[in-house]
Amino acid sequence: MAVPSSDRARRPFLLSLSLFLFISAILVLLFLFLDPSPGSLAFLPSRLSGSAPSLPPPRQQDLTPTPTRGSPPHSQPAEASQPTAAEAHGESGSRGSDDDDRGARGGEADGKTGTSVVAAGAGGDDEELPPVSVRWETCSRLGRGVSSTDYIPCLDNVRAIKALRSRRHMEHRERHCPVAPRPRCLVPLPFGYRTPVPWPRSRDMIWYNNVPHPKLVEYKKDQNWVTRSGDYLVFPGGGTQFKDGVGRYIQFIEQIMPAIQWGMRTRTVLDVGCGVASFGGYLLDRNVITMSFAPKDEHEAQIQFALERGIPAFLAVIGTQKLPFPDNAFDVVHCARCRVHWYANGGKPLLELNRVLRPGGYFIWSATPVYRQEKRDQDDWNAMVTLTKSICWRTVVKSQVVNGIAVVIYQKPASNFCYSERKANEPPLCSKTDVSRFPWYAPLDSCIFATAVSSSDERNNWPVPWPERLNVRYASAPGDSASNKEVFEADTKYWKQVVSEVYFSDFPLNWSSIRNIMDMNAGFGGFAAALIDQPLWVMNVIPIDQPDTLPVIFNRGLIGAYHDWCESFNTYPRTYDLLHMSNLVGSLTNRCDIIEVAAEIDRILRPGRWFVLKDTIEMIKKMRPVLKSLHYETVVVKQQFLVARKSFWRPGKPASGSR
């Protein structure tokens, strides 16, 4: 029987409608029964959610916490084959508006991110909690001359800097942290950003687009600091004072001063006014770890260059406040052509070096006053001679001029004998009741602290040679006792075991791509000590409200600094591969908002790299939803470790390139 033409016309429509309803039903079922959360990480092995290992707990927390000892003055990668940030975001053309100079509108970071947090629901230890509701925004309205991609809240506070009454002593280069509200914004990526060049190639070359600052290339083009070659910035190992290359300069110092013994007697170095940190970079070959520092100033991005190269570096200035290091910390202090007037302000800058230099340690100075005969240089030299004699520094060697430069090496006394023999008590010895000794936002001293050891106590005058000193604890920390020594030994044993059995075995990390780590609550430095054989370095941070164990860390031949994690750290964005936080969330969030802490973690961490939180499951539940709101991939390991990987996501852009 013939089918009516009207039925033939309706049949395709009915078939299409049936197919649509069938597909819709399938999609509804998938939505109801599958977990769509972005942090599920189904690709990870199931053993990661196993029970905790049978390891003894770290005993760092057995030390009695000390109260906050300082407060600020009131002031307002996978590898290179991965896509660049621009490719991951599907962008093309020139840099977007996030990196425009918004300074024409003035003001500091406004902090108006519209942040609101919805409490995550409770549940079992393995429950996958949803992201908190946070309206993240990129940093803007930072002030004239501040790039949003390089934003450092405590150093780029334009409003506070403009309000300073004086800049005579570099006050404008010191920390001026926003206090109300604290920044909660996210720093955008430079256009064309890509996973950094891996170490050791990165010592000699980095991606230009990751640190797109040509000023230093032009400013130092005749001094072989850095050049541009296509997509790369190249570091030939030269410098103002390194006429034959920095390697030859390091060798020359050892020739004129054999007692320096790079990598044995000398393990920790402070490099003042470090440039692009080539001196510290090449000392790594000698088993010497160098804390290179310079201010964020007209020498554009020199510390950012150093960190992108994979070399330890830190933003700081010797202005009116102490450096965030303990007394008697460094084996050697070095200054090549740094423009510091050591005798200024009553000699306070040199007294600060004297404070952080270990008794018996050396100050290596290769600057124009050492070898030039112009009146200005000779006036500086004569002032330096007078000042070093007054603080009992002995001139060990002054070299002949070689290839246009010369070096002088001073030694700090290892005992108090010279101080008592001075004809004039100037500068005076500090009083034992001096309350400003702790170096967090503390003014520079105008006096000398007597050394705490006698000339006969050789063990305390100088540590045993490296690497033996790594596992030896010295009685230099406040409140030291036999019981604390046991805590130190237990802490060292714990971290060695847990790093070997858990961190290297069970964590979804690509350790071969990790060059630098920041341990945000370092304790005795046991975590760093457990990684000492890896081709990486660790910045050990001691929070100011935790026990003061930083002297122990330096005695072990490691480096670190004091810090308050309710403020921003003195580093550029995207400068660390791994941030490690152990048992800190509880005390930290009693003083500041966890959203602010997460924003700072995100600022410091490189895209595609990792944050590891070791804490109780309750603290993990607080931090995990916040990190998921930042589009981090997260997984809980053995109920006490949260491992999170930062994506390439920024507000208003997809998270592509994060895996």
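Just after helix H18, His631 takes a positive phi of about 70°. This is a predicted model, where local features need pLDDT of at least 70, side-chain atom pairs count only at pLDDT 80 or more, and totals for chains, interfaces and linings use all residues. Residues are numbered from 1 along each chain as its sequence is written, and side-chain values use heavy atoms, with hydrogens and water left out.

Now for H18 itself. Helices here are DSSP runs of H or I with at least four residues, strands are E runs of at least two, and both are numbered from the N terminus. H18 covers residues 617–629 and has 13 residues. From first C-alpha to last it reaches 19 Å, close to the 18 Å expected at 1.5 Å a residue (that is, 1.5 Å times one less than the number of residues). Ten of the 13 residues are buried (buried is under 20% relative accessible area, exposed over 50%, partly exposed in between, with a 1.4 Å probe and protein chains only). Among them are Ile617, Met623, Arg624 and Lys628.

Most residues other than glycine have a negative phi, and most peptide bonds are trans.

One joins Trp199 and Pro200, with omega about 10°, and Pro200 lies in the loop between H3 (158–162) and E1 (205–207). Another joins Trp466 and Pro467, with omega about 10°.
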